[in-house]
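This report walks through one protein model, heading by heading, for a reader who is new to structures. Please keep the sequence and the three-dimensional view open while reading.

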Amino acid sequence: MSADPARIDLSKVAIVLNRPRYPENIGAAARAMCNMGLHRLVVVAPERYEAERALKLATHGARHIVDAMVMAQDLGTALASFSFVVGTTARLGGQRRVYRRPEALAEALIPVSVDNTIAIVFGPEDRGLTNEDIRLCHALVNIPTADFSSLNLAQAVMILCYELRRVAVAAPAEATPRLANRFELDAMYDQLRDVLVRISFISHENPEYWMSRIRHFFTRMQLRARDVAILRGICRQIDWFGRKCYDDGRGGRAKER
Ligand code: SAH
């Protein structure tokens, strides 16, 4: 199947957890990945790994991700087969000056994913990624926060996975139904002007002044051909009703006499 250059291919993206300290965070990260349709998990030298603790947070739904996760000794080895590496960081400044927001990163990864495997690397809960780890990355991403910038590891994974999913399933823009053409609009404005003058909504002395405001108002709405037909129908009915009332009134007075 040929790749869709407008969307990211999530099967090309792996989540890499570098030296996570709590097995629960591995499970919760796996669950976030599963929620968002990512399935490749790499874990580098976890501290005191206990499958049971990880699986508890992964729940039944993401168990297969934990079962299939790849364990690596060090970050360099874990990243060896990836051609594009993104580091995630709560701290900015120093070597971390150039970074993107998650939504911009996700967009930028769409063309990269066509021919490349991508790793998104997360650091340990206490210290985050070191400068040495950052040197292995092609790009950095920071999740903007209030003053307290350090998110829980699995929650940071969720935000990145959410943004990646957004560009994986982006609905194709729906075709705009046929908009009213210039001819239809001008005929509608003429009719509207006549009826608005007739019911004294706008002055017959300077109708174009008021009509220009009404035109602006309708222009913002991108009227469709169908909308114009409805508005013209309303104008016709107002016109008909006004005439009828006028005629009935005259008839009524004629009867009184
Ligand atoms: N105290 C560490 C943060 C560790 S949180 C520090 O100051 O760097 C664990 C991991 O979650 C981080 O290494 C990073 O991968 C991710 N993370 C947490 N908050 C983040 C944020 N605001 N933006 C991007 N990633 C974040």
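## Salt bridges

A salt bridge is counted here when a side-chain nitrogen of Lys or Arg lies within 4 Å of a carboxyl oxygen of Asp or Glu. Side chains of opposite charge can pair when their charged atoms come close. A search of the whole structure finds 19 salt bridges. The structure is a predicted model, in which local features need a pLDDT of at least 70 and side-chain atom pairs count only at pLDDT 80 or more, while totals for chains, interfaces and linings use all residues. Residues are numbered from 1 along each chain as its sequence is written, and side-chain values use heavy atoms, with hydrogens and water left out.

One of these pairs is formed by Arg53 and Glu24, whose closest N and O atoms are 2.7 Å apart. This pair links distant parts of the chain, since Arg53 belongs to helix H2 (residues 51–58) and Glu24 to helix H1 (residues 23–36), 29 residues apart. Helices (H or I, at least four residues) and strands (E, at least two) are DSSP runs, numbered from the N terminus. To describe surroundings, a residue is called buried under 20% relative accessible area, exposed over 50%, and partly exposed in between, using a 1.4 Å probe and protein chains only. Arg53 counts as partly exposed because its relative accessibility is 27%, and Glu24 counts as partly exposed because its value is 26%.

## Pairs within one helix

An α-helix has 3.6 residues a turn, so residues three or four places apart point the same way. Arg182 and Asp186 form a salt bridge in which the closest N and O atoms are 3.1 Å apart. Because they are four residues apart in helix H8 (residues 182–198), Arg182 and Asp186 are separated by about one helical turn. Asp186 is partly exposed, at 30% relative accessibility.

Where do Lys244 and Asp248 both lie? The two residues are in helix H10 (residues 225–256), again four residues apart, or about one turn of the helix, and their side chains meet in a salt bridge of 3.0 Å, N to O. Lys244 is partly exposed with a relative accessible area of 36%, and Asp248 is partly exposed at 44%. Elsewhere, salt bridges that share partners join Arg21, Glu47, Arg48, Asp126 and Arg127 into one network.

## Helix H5

Helix H5 (residues 102–115) has 14 residues, which at 1.5 Å a residue should span 20 Å, and its end C-alpha atoms are 21 Å apart, which agrees; the expected span is 1.5 Å times one less than the number of residues.

Which residues of H5 are buried? They are Pro102, Leu105, Ala106, Leu109, Ile110, Val112 and Ser113. These buried residues pack against strand S4 (84–88), strand S5 (118–122), strand S6 (139–141) and helix H7 (153–166), where contact means heavy atoms within 4.5 Å.

Most residues other than glycine have a negative phi, and most peptide bonds are trans. Arg48 has a positive phi of about 40° although it is not a glycine. Arg48 is found in the loop between strand S2 (40–44) and H2, and it is exposed, with a relative accessible area of 56%.

Ser200 likewise has a positive phi, near 60°, and is a residue other than glycine. Ser200 is placed in the loop between H8 and helix H9 (207–220), and at 61% relative accessibility it counts as exposed.

## Cysteines

How many disulfides are there? With a disulfide taken as a pair of cysteine sulfur atoms within 2.5 Å, the count comes to zero. For Cys34, the nearest cysteine sulfur is that of Cys161, 10 Å away, and for Cys245 it is that of Cys235, 16 Å away. Cys34 is partly exposed, with a relative accessible area of 24%, and Cys245 is partly exposed at 39%.

## Domains

The chain is divided into domain 1 (10–166) and domain 2 (182–256), with bounds that come from an automatic or database domain assignment. The centres of domain 1 and domain 2, taken over C-alpha atoms, are separated by 61 Å.
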